[in-house]
Amino acid sequence: MRIHFDQLIPPRYRSTTDLLLHQINAVLSTYVRSQLLIALVMGVLYAAGFFLLQVPLALTLGLLTGLLNFVPYLGTLTGLGLSLAFLALDGAGLPQLLALLLVFVLVQSIEGYYLTPKLLGSHLDLHPLLVLVGLMIGGNLFGLLGFILAIPLLATALVLLRFLLASYRQSSFYLPPSPTD
């Protein structure tokens, strides 16, 4: 498929297009790897917290909660609902239920203040304010799908903008005229 796609691109633009597609692929691969790593770390943290609170199916529920965090809010809401239900059905008291809420607050704080900025922000080179605005706009315009696609689309747009800026700075319009002109 790639060979057929390359044949559609005029030969003089193939190397540039290949470089641009390689950069976009690298950014999107970094995004997916970082999201999966964040989800795995959150799953382990949830599982540890659930294990300490003796939540039934702590490991399974913790990993499920973490991995579902790949979709914003889905993991947190699902995990919170299921873990509260399991604890309540297991006969837990109010202190244990409040401790479970504390586990969610702590894991979400670690994710929001450390994991995501460290893994996603630094690798994708996106400003946190840009990410926040992108998530808000994507969520408002396209709902859940907008939340999921906002950051990869922003990262791809950043690659394209950098390419366009570099092309502009190398253009005859930007560079001063040569002395022979």
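A residue is called buried under 20% relative accessible area, exposed over 50% and partly exposed in between, using a 1.4 Å probe and protein chains only. By this scale, Phe173 counts as exposed, at 70% relative accessibility. The model described here is predicted, so local features need pLDDT of at least 70 and side-chain atom pairs count only at pLDDT 80 or more, while totals for chains, interfaces and linings use all residues. Residues are numbered from 1 along each chain as its sequence is written, and side-chain values use heavy atoms, with hydrogens and water left out.

We turn to the aromatic rings. A pair of aromatic rings is described by the distance of the centres and the angle of the planes. Rings of Phe, Tyr and Trp (its six-membered ring) pair if their centres lie within 6.5 Å; planes under 30 degrees apart count as stacked, over 60 as edge-to-face and the rest as tilted. The structure holds 5 aromatic pairs. One of them joins Tyr46 to Phe104, a tilted pair with 4.9 Å from centre to centre and 45° between the planes. Because Tyr46 belongs to helix 2 (residues 14-52) and Phe104 to helix 5 (residues 94-124), this pair ties together parts that are 58 residues apart in sequence. Helices here are DSSP runs (H or I, at least four residues), numbered from the N terminus. Tyr46 and Phe104 are both buried. The pair of Tyr168 and Phe173 is also tilted, because the ring centres are 6.4 Å apart and the planes stand at 50°. Tyr168 is partly exposed, its relative accessible area being 38%. An aromatic cluster is formed by Tyr46, Phe50 and Phe104.

Next comes the packing of the helices. Two packed helices are described by the angle between their axes and the distance between the axes. Axes are lines fitted to C-alpha atoms, for helices over the stretch in contact, and angles run from 0 to 180 degrees between N-to-C directions. Helix 3 (residues 58-68) and helix 4 (residues 74-89) have axes that come within 7 Å and cross at roughly 160°. Helix 3 is therefore roughly antiparallel to helix 4 (angles under 35 degrees count as roughly parallel, over 145 as roughly antiparallel, 65 to 115 as roughly perpendicular and the rest as oblique). On the helix 3 side, the contact (heavy atoms within 4.5 Å) is made by Leu61, Leu64, Thr65 and Leu68, and on the helix 4 side by Leu74, Gly75, Thr78, Gly79, Leu82, Ser83 and Phe86. These contact residues of helix 3 and helix 4 comprise 6 nonpolar, 5 polar and no charged. In this grouping, Ala, Val, Leu, Ile, Met, Phe, Trp, Tyr, Cys and Pro count as nonpolar, Asp, Glu, Lys and Arg as charged, and the others, Gly among them, as polar.

With helix 3, its axis comes within 7 Å and crosses at roughly 145°, in a right-handed crossing. Among the residues that meet here are Tyr46, Ala47 and Phe50 of helix 2 and Leu61, Gly62 and Thr65 of helix 3. The contact of helix 2 with helix 3 divides into 13 nonpolar, 4 polar and no charged residues. The axes of helix 2 and helix 5 come within 10 Å and cross at roughly 160°, so helix 2 is roughly antiparallel to helix 5. Helix 2 passes helix 5 in a right-handed crossing as well, and the residues of their contact are 18 nonpolar, 7 polar and 1 charged.

Leaving aside neighbours within four places in sequence, Thr76 is in contact with Tyr46, Asn69, Phe104 and Gln108. The C-alpha atoms of Thr76 and Leu160, which are 84 residues apart along the chain, are separated by 33 Å.

Leu57, in the loop between helix 2 and helix 3, has a positive phi near 60° although the residue is not glycine; Leu57 counts as exposed at 57% relative accessibility. Asp125, in the loop between helix 5 and helix 6 (128-169), likewise has a positive phi, near 55°, in a residue other than glycine. Asp125 counts as partly exposed, at 48% relative accessibility.

Terms used: Helices (H or I, at least four residues) and strands (E, at least two) are DSSP runs, numbered from the N terminus. A crossing is left-handed if the near helix is turned anticlockwise from the far one by less than a right angle, and right-handed if clockwise.
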